[in-house]
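Please work through the exercises below with the model at hand. Each task is followed by its solution.

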Amino acid sequence: MTGSIQVGLAALGSAIGVGLVGAKAAEATGRNPGAAGPIRTQAIIFAALAEGIVFIALFLGN
Amino acid sequence: MIFHRLLLVITLIAALPFPALFGAEEEEAAKSAPAGESHHGDDHKEKHHGLPKTAPVLYHGIGGDAETGKIGPLAITNSMVVMFVVAVGIIVVAQLATRNAQLIPAGLQNFVEWLVESLYGFFEDVLGTHMVKKTFWFFATIFIFILFSNWFGLLPGLGTIGWAEPGHHNEHISNPLLRGVNADLNMTLAMAAIFMVLWLFWSLQAVGPGGFLGHLFDVKGHGSGFFGVFLVVVFICVGVIEIVSIGVRPVALTFRLYGNVFAGENMLESVMMMGGPYFGWLAVLPFYLLEVLVGLVQALVFALLTSVFTALMCEHHGEEHSQ
């Protein structure tokens with residue numbers, strides 16, 4: 001079994017980031033259900049940006 | 001009108017990844033390794049290694065040679081076959097839906113109108129009423145194409161119908177006939193590159209070259225004296241960082257879509273192996289549904305990120321217009 005520490009760390013960080021984005025988006029939707037649409041849009045954008053780190057680490061890191 | 005533009009973009013996208021850059025590199029690498037030994041050595045690893053990173057070349061093109069791995073012009077890889085199928089499918093559906101357009105839509109026309117109108121409303125929120133008229137054709141095409149190629153890539157038969165290596169049993173197909181479109185780096189790179197060119201064009205059109213540089217470096221109106229000079233230096237540094245972040249955008253777009261689809265295909269394959277010969281289908285079922293969701297979310301993410309990048313650069317113009 002092989003692996004690389006930088007990809008593992010990047011995956012850990014981006015997983016935490018995506019989790020935080022999701023948690024806060026759910027919380028925000030609960031506070032103001034009327035704003036569900038814009039919140040969803042922003043949550044997807046920021047989740048995608050947090051997620052992008054792991055791919056950069058995966059493909060450019062080795 | 002919108003559909004004509006959709007068709008135009010689909011044909012553009014379909015024509016772009018012809019050079020098959022990344023496929024060629026792997027062929028070269030495979031050629032340089034000693035042929036006989038590598039095959040025997042890889043036998044045990046090959047059973048679990050899943051999807052190859054690059055798409056195998058089916059037809060080596062004019063002047064190309066399958067024996068030596070030389071790639072000629074108009075070479076065709078298996079992901080390109082799927083891309084053509086998806087593109088033709090979208091074109092045919094669009095034509096069928098609009099061939100006999102009714103004032104009160106029904107059936108297929110109703111569905112297509114619902115899809116296009118929902119997308120229009122969605123992008124209007126992001127881009128504003130002025131920009132969305134100019135750019136809707138691109139973002140909607142990107143979304144529809146990525147969505148349906150992702151879902152097409154999940155159909156049973158992709159990756160399992162093809163040619164096995166001579167001397168192997170059929171358990172490992174080394175040259176599948178079909179492959180998910182976005183599991184090929186050439187495709188995602190082509191889409192990101194087209195977007196960056198269009199982004200530059202739209203930005204220059206909306207704010208002009210001076211406004212473009214002004215947006216990057218933001219040098220105007222920082223007062224005078226020592227502090228003003230200091231701020232100008234700071235904002236020039238910020239502009240350099242901004243340029244780097246813009247340069248990373250196409251790379252991130254490319255790898256995000258490719259990584260998600262490619263990793264999804266590999267995950268499905270390895271989970272299927274975990275389930276054993278009889279229960280593989282059951283083990284893979286929840287992950288299959290997850291991949292359906294990922295296909296939708298990634299299409300949304302690509303279209304949304306590209307439209308947000310466009311809106312970031314062009315929105316000043318829209319505000320000035322309305323005032």
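The model is predicted: local features need pLDDT of at least 70, side-chain atom pairs count only at pLDDT 80 or more, and totals for chains, interfaces and linings use all residues. Residues are numbered from 1 along each chain as its sequence is written, and chains are lettered from A and ligands numbered from 1 in the order in which they are written.

**Exercise 1.** State how many helices and strands chain B has, and give their order.

Step 1. Take helices (H or I, at least four residues) and strands (E, at least two) as DSSP runs, numbered from the N terminus. Step 2. Chain B then has eight helices and four strands. Step 3. Read from the N terminus, the order is α-α-α-β-β-α-α-β-β-α-α-α.

**Exercise 2.** Describe how α6(B) and α7(B) pack.

Step 1. Helix α6 (residues 185-217) of chain B packs against α7(B) at an angle of about 160°, with the axes 8 Å apart. Step 2. Therefore α6(B) is roughly antiparallel to α7(B), a term for angles over 145 degrees. Step 3. Among the residues that meet are L185(B) and M196(B) in α6(B), and F235(B) and Y258(B) in α7(B).

**Exercise 3.** Which helix gives the largest share of the side of chain B that touches chain A?

Step 1. Count residues as in contact if their C-beta atoms, placed from the backbone, lie within 7 Å. Step 2. Nine residues from chain B and ten residues from chain A take part. Step 3. On the side of chain B, α8(B) supplies the largest share, five residues.

Note on methods
Contact = placed C-beta atoms within 7 Å. Axes fitted to C-alpha atoms, helices over the stretch in contact; angles between N-to-C directions. Parallel < 35°, antiparallel > 145°, perpendicular 65-115°, else oblique.
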